[in-house]
Amino acid sequence: MDPLSDVLSLLKPQSQLYAGFDVAGEWSFAFPAHDGIKFAAALRGSCWGRVAGQDAPIRFDEGDCFLVNRGCRFVMASDLALAPDDPSHLLEAVVRDGIAVHNGGGEQFLVSGKVNFDSHHAALLFDALPPLIKVPGASPQAAVLRWALEQLASELRSPGPGGALVSTHLVHLMLVQILRIHLGALSCGAPAGWLSALADPRIGAALGAIHSEPGRGWTLEALARVAGVSRTVFAQRFKALAGTTVMNYLTRWRMHTAAERLRSGDESISAIAFSLGYESESAFSTAFKRAMLCAPSQYRRGGGALPLTV
């Protein structure tokens with residue numbers, strides 16, 4: 001798989017909520033900080049939004065989509081000058097009916113979803129994303145996203161057999177599509193991290209090689225050849241984009257892979273070690289303990305800490 005698919009598969013995304021908000025008149029709601037990732041789209045009408053701690057308001061026109069990162073308090077309103085209300089009654093209506101109606105509805109209709117991750121590795125994604133990503137509805141690359149949102153709105157209005165499964169897959173599709181659009185929009189001034197590295201064609205090629213064969217005996221020279229640049233240029237550019245050295249990235253990805261296999265499977269520690277390029281179980285255990293702060297056997301039993309980044 002490619003690096004983005006690898007990371008998202010490791011995180012095991014699970015949709016927890018998909019809901020519609022049908023509103024009208026003057027309104028403003030402050031949604032509390034949340035676990036996981038939230039996304040929404042304005043399928044009818046326009047509104048405003050602001051992430052707590054950021055001064056710039058954001059206008060969402062019909063067709064626009066956006067993603068809100070974990071832990072962000074977010075205000076949505078017809079007018080941000082209004083004092084925000086508690087959205088508890090809306091959330092209760094969503095749980096009960098799937099769609100919440102405010103002031104009779106009919107002027108703005110928004111679809112919202114939340115994705116949680118059944119993995120201790122979720123900080124890999126959260127730390128790589130900004131507080132909010134907006135996807136303009138007029139952008140041609142948002143076509144798949146708009147289609148998925150229309151299908152999700154249809155499922156909300158008229159649930160059919162298998163509707164829960166369809167909605168879950170649509171939520172996952174939207175998450176991947178927003179991340180693809182975000183990757184395509186990243187500039188050279190973006191914060192360092194694996195997403196910024198992935199957006200660079202040459203460094204992204206090296207990341208793809210690492211993720212395809214994490215157990216291969218990679219060297220800096222070999223990965224530079226994959227990237228098609230000199231060893232020095234590759235090392236400098238990788239660190240500038242990823243925020244770490246390529247060999248540290250390789251080790252960290254091996255550790256994330258090992259951690260997942262230790263928790264989810266019954267492979268022996270030695271089998272995992274050899275498959276990830278270590279010549280002995282002892283060498284692997286030393287590297288694992290340095291990264292996870294515990295031995296592989298202890299981690300398998302539920303102990304230890306996770307590195308926050310690759």
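Let's start with a pair of side chains: Asp64 and Lys134 meet in a salt bridge, with 3.6 Å from N to O. Because Asp64 sits in the loop between β5 (58-60) and β6 (65-68) while Lys134 belongs to strand β10 (residues 132-135), the pair ties together parts that are 70 residues apart in sequence. A salt bridge here is a side-chain nitrogen of Lys or Arg within 4 Å of a carboxyl oxygen of Asp or Glu. Helices (H or I, at least four residues) and strands (E, at least two) are DSSP runs, numbered from the N terminus. Buried means under 20% relative accessible area, exposed means over 50%, and partly exposed lies in between (1.4 Å probe, protein chains only).

Before going further, a word on what you are looking at. This is a predicted model, in which local features need pLDDT of at least 70 and side-chain atom pairs count only at pLDDT 80 or more, while totals for chains, interfaces and linings use all residues. Residues are numbered from 1 along each chain as its sequence is written, and side-chain values use heavy atoms, with hydrogens and water left out. The pLDDT is the predictor's confidence in each residue, from 0 to 100. The protein averages 86, and 94% of the residues score at least 70. Confidence is highest in helix α8 (residues 220-227), at a mean of 96, and lowest in helix α4 (residues 143-157), at 79. Where pLDDT is low, the predicted coordinates should not be read in detail.

Back to the charged pairs. By the salt-bridge rule, the count comes to eight. Another of them joins the side chains of Arg44 and Asp22, at 3.0 Å from N to O. Arg44 lies in strand β3 (residues 37-44) and Asp22 in strand β1 (residues 13-23), so this contact ties together parts that are 22 residues apart in sequence. Arg44 counts as partly exposed at 29% relative accessibility, whereas Asp22 is buried at 17%. A further bridge brings together Arg231 and Glu221, at 2.8 Å from N to O. It links Arg231 in helix α9 (residues 231-242) with Glu221 in helix α8, 10 residues apart. Arg231, at 45% relative accessibility, counts as partly exposed, and Glu221, at 37%, counts as partly exposed too.

The cysteines tell another story. The structure holds zero disulfides, a disulfide being a pair of cysteine sulfur atoms within 2.5 Å. Cys47 counts as buried at 1% relative accessibility, and Cys72 counts as buried at 12%.

Now turn to the helices. Helix α10 (residues 246-264) has 19 residues and reaches 27 Å from its first C-alpha to its last, close to the 27 Å expected at 1.5 Å a residue; the expected span is 1.5 Å times one less than the number of residues. Among the buried residues of α10 are Val246, Tyr249, Leu250, Trp253, Arg254 and Glu260. Elsewhere, Val144, Trp147 and Leu173 make a nonpolar surface patch of about 260 Å². Of these, Leu173 lies in helix α5 (residues 163-185) and counts as partly exposed at 33% relative accessibility. Such patches are made of residues with over 30% relative accessible area and no salt bridge, with like charges joined within 9 Å and nonpolar side chains (Val, Leu, Ile, Met, Phe, Trp, Tyr) within 5 Å.

Finally, visit the loops. Most residues other than glycine have a negative phi. Asn103, in the loop between β8 and β9, has a positive phi near 55° and is partly exposed at 47% relative accessibility. Leu293 also has a positive phi, near 65°; this residue lies in the loop between α12 (281-292) and α13 (296-300) and is exposed at 63%. Arg70, in the loop between β6 and β7 (74-77), has its C-alpha 7.1 Å from that of Ala33, 37 residues apart along the chain.

Definitions and conventions
Accessible areas come from the Shrake-Rupley method with a 1.4 Å probe; for residues, only the protein chains shown count as cover.
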